[in-house]
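The exercises below are to be worked with the sequence and the model side by side. Try each task before reading its solution.

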Amino acid sequence: MTDRYAVIGNPIAHSKSPRIHAAFARQSAQDLDYQAILAPLDRFAAAVAEFIAGGGRGMNVTVPFKLEAFALADHHTARAAAAGAVNTLKFEQGGILGDNTDGAGLVADLLHNIGCPLAGKRLLLLGAGGAARGVILPLLDQAPVSLTIANRTASRAAQLREAFAEHGNLAARAFADLAGHQFDVVINATSASLAGAAPAIPPGLYAPGSTAYDMMYGRGLTAFLAAAQAQGAGRLADGLGMLVEQAAESFQLWRGVRPDTRPVLAELAGDLQRA
Ligand code: NDP
């Protein structure tokens, strides 16, 4: 019987996950079906229960349900426990396993697709929401020389520094207090690009040869990447690769098979530029 998987969110029509997982399944000859499920905002747990009752084996979880998915899971991987948010559910005999593959997806994209090493580098993470929280531990695992978190609401950056202080060398700053510092990799985990805006960071932050990475993606440069280019970032990358790599991590958790992400990423990138 075909195994069933799905991505659940609200809204969900825009999701590229069904296409990505269908490509992974074809490529690795796995017999599975992957759908997109629109859950009403107050019916996340009920929608998951229905999917399990119908034979579902696992789910990806997207906005706005990642915190509810964390609460719903019976047990968590270490990286999901650290993130406090879940983007992948696996339905097992012993209950629901919650994982968070966003951080591993970001790191895989930076290291393997973009060729941007993180060890010994000065990293700047902009934002203190769910996406930022999910990537802190995987970034620290790469042994950067420092990781600075900066957020529009500075107190939320400070809260994240406290929460992860035992895991590595972390600093927290308001955007304005970044002036005078330089970074090798600047990662935008704010949702500012969704509104076509760039975070209001001071100029001069990009070290020679630095990389600017926006978790958001789309056709052409996001507002953050356009600003980074104007401010001298050496290399620009958007979050399409992170999307494909986090999906590959989920696929591996479910199926025990590591898909080849490169052809899938190339296909999606080509479609975006043609759109
Ligand atoms: P949240 O709503 O949890 O957090 C939003 C963050 O953005 C907060 O830190 C907020 O600051 C900040 N922010 C919002 N507007 C502005 C602005 N105009 N200027 C500066 N800062 C701003 O969102 P998420 O963390 O869940 O998602 C963040 C982004 O990451 C989204 O664009 C999402 O699409 C993307 N993402 C991409 C993934 C991928 O696979 N490529 C995976 C996961 C997320 P404040 O605290 O001051 O309000």
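This is a predicted model: local features need pLDDT of at least 70, side-chain atom pairs count only at pLDDT 80 or more; totals for chains, interfaces and linings use all residues.

Residues are numbered from 1 along each chain as its sequence is written, and side-chain values use heavy atoms, with hydrogens and water left out.

**Exercise 1. A helix pair**

Task: describe how helix α1 packs with helix α10.

Solution. Step 1: locate the elements. Helix α1 covers residues 17-28 and helix α10 residues 262-274; helices (H or I, at least four residues) and strands (E, at least two) are DSSP runs, numbered from the N terminus.

Step 1: Axes are lines fitted to C-alpha atoms, for helices over the stretch in contact, and angles run from 0 to 180 degrees between N-to-C directions.

Step 2: list the contact (heavy atoms within 4.5 Å). From α1 come Arg 19, Ile 20, Ala 23, Phe 24 and Gln 27, and from α10 come Pro 263, Val 264, Glu 267, Leu 268 and Asp 271.

**Exercise 2. The largest core**

Solution. A nonpolar core is a set of buried Ala, Val, Leu, Ile, Met, Phe, Trp, Tyr and Cys residues joined through side-chain atoms within 4.5 Å. Buried means under 20% relative accessible area, exposed over 50%, partly exposed in between (1.4 Å probe, protein chains only).

Step 1: find the centre of contacts. The largest core has 29 residues, and Leu 106, Leu 139, Ile 187 and Tyr 213 have the most contacts inside it.

Step 2: find the suppliers. Elements that each supply at least two residues of this core include α5 (102-113), β7 (122-126) and α6 (130-140). Helix α6 gives the most, with six residues.

Step 3: check the cover of α6. Eight of its eleven residues are buried, among them Val 135, Ile 136 and Leu 139.

Step 4: follow Leu 139. Leaving aside neighbours within four places in sequence, Leu 139 is in contact with Leu 106, Val 107, Leu 118, Leu 123, Pro 144, Leu 147 and Ile 187.

**Exercise 3. Aromatic pairs**

Task: how many aromatic pairs does a search of the whole structure find? Describe two of them.

Solution. Step 1: count. The search finds four aromatic pairs. Rings of Phe, Tyr and Trp (its six-membered ring) pair if their centres lie within 6.5 Å; planes under 30 degrees apart count as stacked, over 60 as edge-to-face and the rest as tilted.

Step 1: take Tyr 34 and Trp 254. Their ring centres are 6.3 Å apart and their planes stand at 50°, so the pair is tilted. Tyr 34 lies in strand β2 (residues 32-38) and Trp 254 in helix α9 (residues 240-255), so the pair ties together parts 220 residues apart in sequence.

Step 2: take Phe 44 and Phe 65. This pair is stacked, at 4.9 Å centre to centre with 20° between the planes. Both residues are buried.
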